[in-house]
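Let us walk through this structure step by step. Keep the sequence and the 3D view side by side as you read.

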Amino acid sequence: MMVPVQWKNVSASAHFSLCAGQATRYNHVSRETEGTMPRIVAVANQKGGVGKTTTALNVSAALALAGKRCLLVDLDPQGNATTGLGMEKKRREGAYLLLADHSKAAAAIVPSGVRNLDVVPSSPNLGEAEAQLASQPNRHLRLKLAKPQFEKAYDFVFIDCPPGTGFFPANALACAESVLIPIQCEYFAMEGLTQILSNISAMRNGSNPQLEVESILLTMYEPSAFAKEVATEVRSHFSDLVCETVIPRDITLAEAPSHGQSIIDYAPRSRGARAYLELAKEILNDHQG
Ligand SMILES: Nc1ncnc2c1ncn2[C@@H]1O[C@H](COP(=O)(O)OP(=O)(O)OP(=O)(O)O)[C@@H](O)[C@H]1O
Ligand SMILES: [Mg+2]
């Protein structure tokens, strides 16, 4: 059960002064209010390069700025969310540890340096976890086994999935309460959407009957006639499931990871930052009361 949350209305000036404090490095998210349950959201789409990592990282940072205790789990061997926050992938630690030994899950969590945001970084040997666990029954339930170890300390947990439908996305979908599906407004978007929805439905009929679609998010949007057409089609098929917020194509969103920063810290005035703050607000509104 989500505790009702209040969006801390971040006025432009308050927001920018908060961002100005970004040089401060923060320790682990406070566990003083431990006991509430988080919203665990898998950010998934089997299609590659649609904005999963950009979304998982920046929406976590935006919610953290709004005062929500967030955990970002980088379940992708590529480790883009980890390096995008200026962190190192940890061999035999981080996501590898989370999957390999759920009793040590708490040790897999590290502070990101951003206030209210902790991370389970990816691991250089994360791919090995898949091979090592290949013969185990219920290998797609490894992350779910670790859940009790981390769930009480956060308001939101975002799991960044790699593309495809393999071991890692299956673990994320089995553990999550909902799936946030980023899609690009392009010709194959609907096809990708149909596939992920069918994976969600398979998971609902199997290991995770409660799994919901959190929302569908239009990303890298450019106001061309074609993109508008795709957006209209997606909205006409999925209506309320589609976020009102649309993430524009904005070069600063692509630049921020090379500086090891979220867009909120790297370019707080950019269109990309504003869009992810709006998305965070929309998510909070959806889970109020
Ligand atoms: N709104 C945006 N505007 C401009 N560039 C973007 C935007 N969103 C993402 N990008 C860039 O597009 C590329 C793909 O984005 P991202 O890595 O988030 O996708 P992904 O779905 O996580 O990819 P993968 O499937 O490989 O994990 C990255 O270089 C990223 O910086
Ligand atoms: Mg990614």
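Begin inside the sheet, where Leu71 has Val157 in E5 as its bridge partner. Two strands pair if DSSP finds at least two bridges between them. Helices (H or I, at least four residues) and strands (E, at least two) are DSSP runs, numbered from the N terminus. In general, strands of a sheet pair through backbone hydrogen bonds, either parallel or antiparallel.

A word on the model itself. It is predicted: local features need pLDDT of at least 70, side-chain atom pairs count only at pLDDT 80 or more, and totals for chains, interfaces and linings use all residues. Residues are numbered from 1 along each chain as its sequence is written, while chains are lettered from A and ligands numbered from 1 in the order in which they are written.

Now look across E5. Strand E1 (residues 39–43) is joined to E5 by five bridges, and the two run parallel. There, Ala42 has Ile159 in E5 as its bridge partner. E2 also reaches strand E4 (residues 117–120), through four parallel bridges. Cys70 stands opposite Leu117 in E4.

Step back to the whole sheet. Eight strands form an open sheet in the order E3-E4-E2-E5-E1-E6-E7-E8, with mixed pairing. Its edge strands are E3 (110–111) and E8 (242–248), each pairing on one side only.

How enclosed is E5 (residues 156–160)? Five of its five residues are buried, so the rest of the structure largely encloses it. A residue is buried if 20 or more other C-beta atoms, placed from the backbone, lie within 10 Å of its own. Phe156, Phe158 and Asp160 point one way from E5, and Val157 and Ile159 point the other way.

Helix H7 (residues 167–175) is mostly covered too: nine of its nine residues are buried. Among them are Phe167, Asn171 and Cys175.

Next, find the largest nonpolar core, with 88 residues. Such a core is a set of buried Ala, Val, Leu, Ile, Met, Phe, Trp, Tyr and Cys residues joined through C-beta atoms within 7 Å. Ala62, Ala172 and Leu173 have the most contacts inside it. Contact means C-beta atoms, placed from the backbone, within 7 Å. Not counting residues up to four places away in sequence, Ala62 touches Ile264, Tyr276, Leu277, Leu279 and Ala280.

Notes. A residue is buried if 20 or more other C-beta atoms lie within 10 Å of its own, exposed if 12 or fewer, and partly exposed in between; C-beta atoms are placed from the backbone. Two residues are in contact if their C-beta atoms, placed from the backbone, lie within 7 Å.
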